[in-house]
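Subject: The structure for you to look at

Hi,

Here is the structure I promised to hand over. Please open it next to this email and follow along as you read.

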Amino acid sequence: MKVIIKDDKKTASVWAAHYIASKIKEKAARTDKPFVLGLPTGSTPIDTYAELIRMVKAGELSFRNVITFNMDEYVALPKSHPESYWSFMHRYLFDHIDIPAENVHILNGNAPDLAAECAAYEKAIVEAGGIDLFLGGVGEDGHIAFNEPFSSLNSRTRVITLTQDTLEVNSRFFDNDPNKVPEQAMTVGVATVLDSKEVLILVFGSKKQRALRDAVEGPMSHYCTLSGLQGHPAGTIVCDEAAVGELKVNSYRYFKAVEAVENL
């Protein structure tokens, strides 16, 4: 696992966008197969999406040969609802880039058979050739996507019931009323994410300090599902200075030293 520590969220977000862009261009230079990109929602990736949009509009990047798979979606929330993840992704990314509509994959939380929808999603990822890079964020309790604490590290795309903590955190998008947040969601599993060739996780702000500590320094455990990244051959966490407050001093120094050497 690599940990990249930047001064602030904006700097880290821009770094992540340029890293993603470099990977898209690298694959395009050696094959005509599409780049398959996993994407998250929430406030964490917004600045990264903004930089990707800027690059596309400036002619520095194209999504014409990119296929995307989103991490999750609420169950029984209309697609047109402003807080559905379908709406979020179009508002903050898809409506502003040159990605073909048929290349966008988002779980359908209103499917008549949710289990079948989840199975079809896993199959679609395989048929696309597997995910080249999965971008993600992390919850305050260390969960990745909607894989709440004690989710199996071998889990696959499925329907889950959200914890009260998650309902309260996400209530900021629903008039600060946890009762308005859907109680269930569909999510890719931990194993779905870890099957990706690369995983890039964004961790910003002081509220994520414990999650970062548990993921990096704690044991690999279903208690902190992000800790599964420890076993990934190409897992990277990009964080800001505000998020590293609970890391051991020697851990912090190690990651900063490694980054300095790689930047030479």
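Predicted model: local features only at pLDDT ≥ 70, side-chain atom pairs only at ≥ 80, totals over all residues.

Residues are numbered from 1 along each chain as its sequence is written, and side-chain values use heavy atoms, with hydrogens and water left out.

**Strand E1**

Go to strand E1, residues 2–6. (Helices, H or I with at least four residues, and strands, E with at least two, are DSSP runs numbered from the N terminus.) Four of the five residues in E1 are buried; buried means under 20% relative accessible area, exposed over 50%, and partly exposed in between, with a 1.4 Å probe and protein chains only. E1 pairs with strand E10 (residues 235–240) in the parallel sense, over five bridges, where pairing takes at least two bridges found by DSSP between the two strands. Ile-4, for instance, has Val-238 in E10 as its bridge partner.

Now find Lys-6, which belongs to E1. Is Lys-6 buried or exposed? Its relative accessible area is 15%, so Lys-6 counts as buried. Its side chain makes a polar contact of 2.8 Å with the side chain of Glu-259. (That term means a pair of N or O atoms within 3.5 Å; within protein, one must be able to donate a hydrogen and the other to accept it, and residues adjacent in sequence count only if both atoms are side-chain atoms.) Leaving out residues up to four places away in sequence, Lys-6 also touches others, including Trp-15, Cys-239 and Asp-240; contact means heavy atoms within 4.5 Å.

The search runs on a 1 Å grid over the protein atoms alone: a cavity is a set of points where a 1.4 Å probe fits but cannot get out, a pocket is an open set with protein on both sides within 12 Å along at least five of seven lines, and lining residues have an atom within 4 Å of a point. Grid points are joined across faces, edges and corners, and a volume is the space filled by probe spheres set on the points.

How many cavities of 30 Å³ or more are there? The search finds two.

- The largest cavity holds about 70 Å³, and its lining includes Gly-42, Tyr-74 and Phe-88.
- The second largest cavity has about 40 Å³, and helix H6 (residues 190–194) gives the most to its lining, with three residues.

The largest pocket holds about 630 Å³. Of its 30 lining residues, Val-138, Gly-139, Val-169, Arg-172 and Lys-208 are the closest to its centre. H5 gives the most to this lining, with four residues.

The second largest pocket has about 210 Å³. Among its 17 lining residues, Lys-79, Trp-86, His-90, Ile-106 and Leu-107 lie nearest the centre.

**Two loop residues**

Most residues other than glycine have a negative phi. Ala-76 has a positive one, near 65°, and sits in the loop between strand E4 (72–74) and helix H3 (85–92). With 57% relative accessibility, Ala-76 counts as exposed.

Asp-175 also has a positive phi, near 60°. Its loop runs between helix H5 (164–170) and strand E8 (184–187), and at 60% relative accessibility Asp-175 is exposed.

Cheers
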